[in-house]
Amino acid sequence: MKLTEINEDELYPTEKFGPHIEGTLIYKVGEQTQFKGAYITTNERMIMNVDMGGESYRRVFSYNDIVRAASENDTLIIEFPEGMGKIAMVDVVEGDIDAFVEYVNEKVS
């Protein structure tokens, strides 16, 4: 499963890909707290793609639904409004954290 790949047919006609990043998401679901995952950005939205036990789970976020992105000690942090809180990504295997943070923060401003 290639988490950073999205079929271009799934994009809106006006959408263009931005940077993507892949690593390990720290988020508690049941007893599990770490998931292989990726964020793929476009000029209109951010897509989260997660491997949940061999099954692909995808969630799409409007940039209006993101408070900010940050980088702390080789960790990407995406902050969402209350209720969802913050999701950290560690052990980045693909993508540039700083370029990703800059792109997302430009879109949420």
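Q: Is tyrosine 12 buried, partly exposed or exposed?
A: In this predicted model, tyrosine 12 sits in the segment before strand 1 (17–29). Its relative accessible area is 44%. Buried means under 20% and exposed means over 50%, so tyrosine 12 counts as partly exposed.

Q: How far apart in space are tyrosine 12 and threonine 42, C-alpha to C-alpha?
A: Threonine 42 belongs to strand 2 (residues 32–42), while tyrosine 12 is in the segment before strand 1. The two are 30 residues apart in sequence. In space, their C-alpha atoms are separated by 9.8 Å.

Q: Which backbone nitrogen does the side chain of threonine 42 reach?
A: Threonine 42 is buried, with a relative accessible area of 0%. Among the residues it touches are Leu11, Phe17 and Tyr103. Its side chain also comes to 3.0 Å from a backbone nitrogen, that of glutamate 44.

Q: Which parts of the chain does the aromatic pair of tyrosine 39 and phenylalanine 100 tie together?
A: A search of the whole structure gives 2 aromatic pairs. Tyrosine 39 and phenylalanine 100 form a tilted one, 6.0 Å centre to centre with 35 degrees between the planes.

Note on methods:
Residues are numbered from 1 along each chain as its sequence is written. This is a predicted model: local features need pLDDT of at least 70, side-chain atom pairs count only at pLDDT 80 or more; totals for chains, interfaces and linings use all residues. Side-chain values use heavy atoms; hydrogens and water are left out. Helices (H or I, at least four residues) and strands (E, at least two) are DSSP runs, numbered from the N terminus. Buried means under 20% relative accessible area, exposed over 50%, partly exposed in between (1.4 Å probe, protein chains only). A polar contact is a pair of N or O atoms within 3.5 Å; within protein, one must be able to donate a hydrogen and the other to accept it, and residues adjacent in sequence count only if both atoms are side-chain atoms. Contact means heavy atoms within 4.5 Å. Rings of Phe, Tyr and Trp (its six-membered ring) pair if their centres lie within 6.5 Å; planes under 30 degrees apart count as stacked, over 60 as edge-to-face and the rest as tilted. Lists of a residue's contacts leave out its neighbours within four places in sequence.
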